[in-house]
Amino acid sequence: MSEGHRPDPSVTAVGDADATRDAAAESRGHWSTRAGFILAAVGSAVGLGNMWRFPYVTAEGGGAAFVLFYIAVTFIMGIPIMMGEFAIGRNTRLSPIGAWRKIGGRAWVPFGYLFVLTGLIILGYYSVIAGWVARYALGALFAGFPAEAGEHFNQIATGAPAIAFHIGFMALTIAIVMGGVEKGIERASLLMMPTLFVLIVGLAVWVSTMSGSGQGYAFYLTPDFGELLRFDILAEATAQAFFSLSLGMGALLTFSSYLGKKQSLGQEAGIIAFADFGVAFTAGLLVFPIVFALGLQGAIGESTVGALFIALPSGFATIGTLGRVLGAVFFIALFIGALTSAISLLEVVTSSIIDEKGVSRRTAAIGAGVIIGLLGLWPATNLDALNAMDVVAGQVFLPLGGLAVAIFVGWVMKDPLEEVMQGMRPSARPWMVAWRWLLRIAAPVFLVLVLWTTVPAGWEAVRALFGD
Ligand code: TRP
């Protein structure tokens, strides 16, 4: 028999492996379109973090100077770590726990659990805030904003009304995640994200016509470079970037486990980071002019919750019908952002339960949702708990998770270059070599420094909650 006729065993083996893997991907779910994946990831990224937290931390951190800084962190740290999550997820086609185990062995599994735990904590309080947002949106539509905004907020922020809206929001999130990757998450994202973009761009244009808005732009866009020299502000910007980009707890890792090999991970990460920043920046173009036009500047930097749920609504109340319309559009946009983000948080937990326990998606989504629903009872009755959960998960667990991703992809994963090069032009290789070194050295050093300043803050928040 001549060489040419003998069946090459390695070829069939590869073919079979591919076929099984494709079948597995099929039953696990996968994105049906590129836009579906991108919009779902952008949906995860764009949320309360962009429209609620970003303007607030910007105001605290020195306006435009902080924005420049934030851009740098987003692109220099955010995109590479996002690509790291993508590389792990697409390579293993598993949710976090299984992915860490498959590549790193048992020793790395605790990081999988850390990711799931972080998801539980974040969604636990995120859903309570989303519940407030839903309530304000409905209020604007059907009743108008009450003049005593502060009192109103105190009434609805905790206790029975907060619990009811939190549970309702979780039920909606569960329903979408139960629908699966393609029919639930992808479809919801394709529908909701374009709506969100239209609403906030429309609002930003409208707001620019309000008299007095100029001062708001000036405040937002005039840099105060003095603030920039402080490392704690840099750390704050980093934590904010991680939260806003949904990094450091496996949300994008999980989403990329439903991805095919043809897409360029670098390009997708760039698009997602750009869209996320775009929405955050636009939110600033919206919030600051409103705040100044309505004479609420005193409220900036008051408290995160205060600016959004007290100052803005009280301003809306003073301008009657116009305020109701503006407020309704604003809170509806915020609600959409919160919902698509919550989907990704629940998906991490759901997908981990499916992969680890082999149960159906329906059972996993409901199980995960009920656990989070119960966990949310705490922040729904105690604002200090809400704050502590935000600080610990957002400022400590996310940078820690990002550090783990950087070290894992940089040092432990066998051939991350091969994984990211799939879907990229060969000419991108030198950039990807640089990417790996960034994950190996620069990102870990930087993130350890960040944790150095945020861990004490986390500790403080926990002590304030439990201590005396
Ligand atoms: N990025 C979302 C926001 O800005 C919140 C979010 C969704 C998130 N999934 C996440 C944050 C995963 C951290 C990790 O509102």
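In the predicted model, a nitrogen atom of the ligand lies 3.1 Å from a backbone N or O atom of Ser44, a polar contact being a pair of N or O atoms within 3.5 Å. A backbone N or O atom of Leu48 is likewise placed 3.1 Å from an oxygen atom of the ligand. The side chain of Ser246 contributes an N or O atom that is 3.0 Å from a nitrogen atom of the ligand. Taken alone, the ligand exposes 360 Å², of which the protein buries 100% (Shrake-Rupley accessible areas, 1.4 Å probe).

The ligand is surrounded by 17 residues (at least one heavy atom within 4 Å), and the closest are Ala45, Gly49, Tyr126, Phe243 and Ser246. This shell comprises nine nonpolar, eight polar and no charged residues; Ala, Val, Leu, Ile, Met, Phe, Trp, Tyr, Cys and Pro count as nonpolar, Asp, Glu, Lys and Arg as charged, and the others, Gly among them, as polar. At least two shell residues come from each of helices H2 (34-45), H3 (48-60), H6 (109-142), H11 (231-244) and H15 (320-357) (DSSP runs of H or I, at least four residues, numbered from the N terminus).

Two cavities of 30 Å³ or more are present in the structure (sets of points on a 1 Å grid over the protein atoms alone where a 1.4 Å probe fits but cannot get out; the volume is the space filled by probe spheres set on the points). The largest cavity holds about 150 Å³ of space. Its lining numbers 17 residues, those closest to its centre being Ser44, Ile122, Phe243, Ser246 and Leu345 (lining residues have an atom within 4 Å of a grid point). H15 gives the most to this lining, with three residues. The ligand sits in the largest cavity (more than half of its atoms within 2 Å of the grid points).

Residues are numbered from 1 along each chain as its sequence is written, and side-chain values use heavy atoms, with hydrogens and water left out. For this predicted model, local features need pLDDT of at least 70 and side-chain atom pairs count only at pLDDT 80 or more, whereas totals for chains, interfaces and linings use all residues.

Conventions: A polar contact is a pair of N or O atoms within 3.5 Å; within protein, one must be able to donate a hydrogen and the other to accept it, and residues adjacent in sequence count only if both atoms are side-chain atoms. On a 1 Å grid over the protein atoms alone, a cavity is a set of points where a 1.4 Å probe fits but cannot get out, and a pocket is an open set with protein on both sides within 12 Å along at least five of seven lines; lining residues have an atom within 4 Å of a point.
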